[in-house]
Amino acid sequence: MQTIRALIVDDEDLARQILREYLAQERDIEIVGECTNGFDAVKAAIELKPHLLFLDVQMPKLDGFEVLDLIGSEIAVVFVTAYDQYAMKAFDAAAVDYLLKPFELSRFRAALDRARRRLQENARTPSADELRRAAAAPGQFLQRIVVRDNARVHIIPVDQLDYVEAEDDYVGLHSGGKKYLKQQTISSLEASLDPAIFVRVHRSFLINLNKLGKIEPYTKDTKLAVLSDGRQVPVSRAGYMRLRELVDAK
Amino acid sequence: MHPLFRTRAAFLLYLAVWVPLGAMFGFMLSLSGGLTLPESTAVALPAVIVLFVLALTPWYTCKALPLRSTPPARLLATHLITAMCVSTVVVLVTKISAAMFSLWLPNCQTRLHSAIPLAAFMVLLIYMLSVALHYTLLAVESSKHAEVLSREAELKALKAQVNPHFLFNSLNSISALTTSDPAAAREMCIRLSDFLRNSLRLGERTSIPFSEELALTKTYLEVEQIRFGKKLRVRHDLDPACDDCEVPPLLVQPLIENAIKHGVATLVDGGEIAIRGRRVQNVVCFVIENPFDPDAPAARKNGFGLISVRSRLQARYGNAGRLETEVDNNRYRVVLTVPAK
């Protein structure tokens, strides 16, 4: 029987203590570490290579969704939360395992069994992006985007995002003259952002309306969006129509 | 009490309406009866005064016959019969005053005779108008009453609300302590029960002494302190002169809850919440200060906070109660000002 390496992430001592206590009774589980905030969790997930994560939703630095976003879908995750009506709905919909504090041993074992099965089947954890969108309260949009390059974590507030460019399986996030690469499709990112501020002006480009300077004609059918810092982004015909609609609505 | 007597302005307005109405009545008498100005004044004035009083009586009949639940036939019949009675009384008063003044005003009575049908009809009309006015007044009253009721219901709902996140996290702490430190688990059960019981008890009252609100807040902090351990530190600096001031219940506790949720809980090493209370002359000034992480992830939407405290301040004190927030140097400060009563 292969040993499962587990990482516990929760900012409360007592909450970690319960997980430790329950996990101590499982012979195939080894606790490789405990973290009290999101940054540490991402670091530990990379360095300690756990198979299974017990992940609190609300924590300092990064929340549970952001941690999942940064560590990818290979690690099995069991979310642990006290009460969050929107998150619970999202977990149910995405068939993600979660424990509601306080939880009993039998409920914990059931969640653990499912996690074992998923690990055996090499099933991927649903993407953080999709999960977070389902867990958002109505009218609540993504506030910031987290990006990891190796062990470094960058946090980009969406109001500082100038534009987004699609690059194969990645998106290039342009903010304050810097570019960050993130593995995500432009459509899924677009779906998480406030549609009153971010406009898909082109199949491969998404711009922040608040950073738009002016629009210039380019070819017969297309135009160029000039951002306030002078950078140019192509605008397709359909993109121009979407842009006009938003600008006129304001 | 009749609504027109409740405020001076309403009464004066009613009086003002009667000046042209009375003049019209007198003018009508002098036109159709051929009375001179002094004659019509002498005859009309007592009648107008009687009508002035009788036109207030629909308040009671209208209340007894609500528009919605009374059959229209009964509604019309009752008001019409009352109107005719009133009209008869007023006409009688007119006749009596004409008779009384007959010594000074020769054949006034006979001339008045031709004016009677029109006068009776006019009184009937005035009375029916007054009925309509009273139904309007009743509608205004009931909408005001409904507003008060809905506000009360809203406050009650707020008071009864304990943040579920807090409750479940506390229960989880107790669950953890049961094996590691049973005495501490029991202690926390008792603290949590104290808090729940007191917030229910205080929530039922409309105002409580500040000292009781602070005691509730202390119990709340004791529970949270077990949960957060060394991460949560609290410093109290309270002027005993605040203790007796009456405040709406659960005004401070949600602010402390926010200071933990959006402040101390966002910091890896936690932090200190400073609570200061001062009484300056007849104002109580209460300050809660906490550090926070400006780069913390956006809070998940749960519980309630500043908005409810603000609306309750507004409901209780109008503009005399204030809640101001300041951010400086990664510290968040809430300043609550209420009149000391």
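Start with chain A: strands β9 (residues 170-175) and β10 (residues 178-183) of chain A run antiparallel, joined by 6 bridges. Strands pair if DSSP finds at least two bridges between them. Strands here are DSSP runs of E, at least two residues; helices are runs of H or I, at least four; both are numbered from the N terminus. Opposite L181(A) in β10(A) stands G172(A). The hairpin has 2 residues between its strands, and G176(A) takes a positive phi near 50°.

A word on the source. This is a predicted model: local features need pLDDT of at least 70, side-chain atom pairs count only at pLDDT 80 or more, and totals for chains, interfaces and linings use all residues. Residues are numbered from 1 along each chain as its sequence is written, with chains lettered from A and ligands numbered from 1 in written order.

Next, domains. Chain A is assigned domain 1 (4-135) and domain 2 (144-249), with bounds from an automatic or database assignment. Their C-alpha centres lie 32 Å apart. Domain 1 of chain A brings 11 residues to the contact, domain 2 of chain A brings 8. Contact means C-beta atoms, placed from the backbone, within 7 Å. On the domain 1 side, α2(A) gives the most, with 4 residues.

Last, helix α7 (residues 164-180) of chain B. Its 17 residues should span 24 Å at 1.5 Å a residue, and the end C-alpha atoms are 25 Å apart, which agrees. The expected span is 1.5 Å times one less than the residue count. What covers its buried residues includes α1 (13-23) of chain A.

Key:
Two residues are in contact if their C-beta atoms, placed from the backbone, lie within 7 Å.
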